[in-house]
Amino acid sequence: MREYLHAGIVLAAFAVWLVAVAEAQEGLTKRDQQGPVTVAITLVAPPSSGTPVRVKVVLDTHSVGLDGIAFDQAVAVRAADGQDVAPTAIEEIRGSGHHRQAVLVFPAAQAGPLRVVVKNVGGVAERSFVWDLPAGR
């Protein structure tokens, strides 16, 4: 009987851990479903002051081709002064046709809002994704 109780406790703890991981990951992901293309941006890790920002950009559609989209031109971080900052590197480009994704690397984050913009994808002039970066992280 003790073995069953122990196994039940271990399984319950594992389930709680999985839910916590899923909720944390969901907080790092933002989606925009305007027009024929869904854009999802996920922070690869919570941004911390002084470290490069890595974002995974996923483009999905069933109606238009996405091969002509250059991630380095379509995705930028918007600085506090309104200037767009291009990625310093692009990693892990995958997919073609209707489903594409890449990991983009941007310069170190500063405290305050982190705004990632995606321009001219799927007939939408601009999509904006914002996370709040607390001071002292």
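A pocket is an open set of grid points, over the protein atoms alone, where a 1.4 Å probe fits and where protein lies on both sides within 12 Å along at least five of seven lines. In this predicted model, the largest pocket holds about 330 Å³ of space. Its lining comprises 15 residues, and those closest to the pocket centre are Val77, Arg78, Ala79, Ala80 and Pro113. By class, the lining consists of 12 nonpolar, 1 polar and 2 charged residues.

**Fold and surface**

The chain contains 2 helices and 9 strands, arranged along the sequence as α-β-β-β-α-β-β-β-β-β-β. Of the contacts with a separation of 6 or more, 55% join residues 24 or more positions apart. Buried residues account for 31% of the 137 residues in the chain. The accessible surface amounts to about 8,200 Å², and carbon and sulfur atoms provide 57% of that area.

**Confidence**

The mean pLDDT of the chain is 81, with 77% of the residues scoring at least 70. Where in the chain is confidence lowest, and where is it highest? Helix α1 (residues 2-28) has the lowest confidence, with a mean of 46, whereas strand β2 (residues 37-43) has the highest, at 97. The pLDDT is below 50 over residues 10-26, and this stretch makes 2 contacts in the model beyond near neighbours in sequence.

Definitions and conventions
Residues are numbered from 1 along each chain as its sequence is written. This is a predicted model: local features need pLDDT of at least 70, side-chain atom pairs count only at pLDDT 80 or more; totals for chains, interfaces and linings use all residues. Side-chain values use heavy atoms; hydrogens and water are left out. pLDDT is the predictor's confidence in each residue, from 0 to 100. Helices (H or I, at least four residues) and strands (E, at least two) are DSSP runs, numbered from the N terminus. Contact means heavy atoms within 4.5 Å. On a 1 Å grid over the protein atoms alone, a cavity is a set of points where a 1.4 Å probe fits but cannot get out, and a pocket is an open set with protein on both sides within 12 Å along at least five of seven lines; lining residues have an atom within 4 Å of a point. Grid points are joined across faces, edges and corners, and a volume is the space filled by probe spheres set on the points. Ala, Val, Leu, Ile, Met, Phe, Trp, Tyr, Cys and Pro count as nonpolar, Asp, Glu, Lys and Arg as charged, and the others, Gly among them, as polar. Buried means under 20% relative accessible area, exposed over 50%, partly exposed in between (1.4 Å probe, protein chains only). Accessible areas come from the Shrake-Rupley method with a 1.4 Å probe; for residues, only the protein chains shown count as cover.
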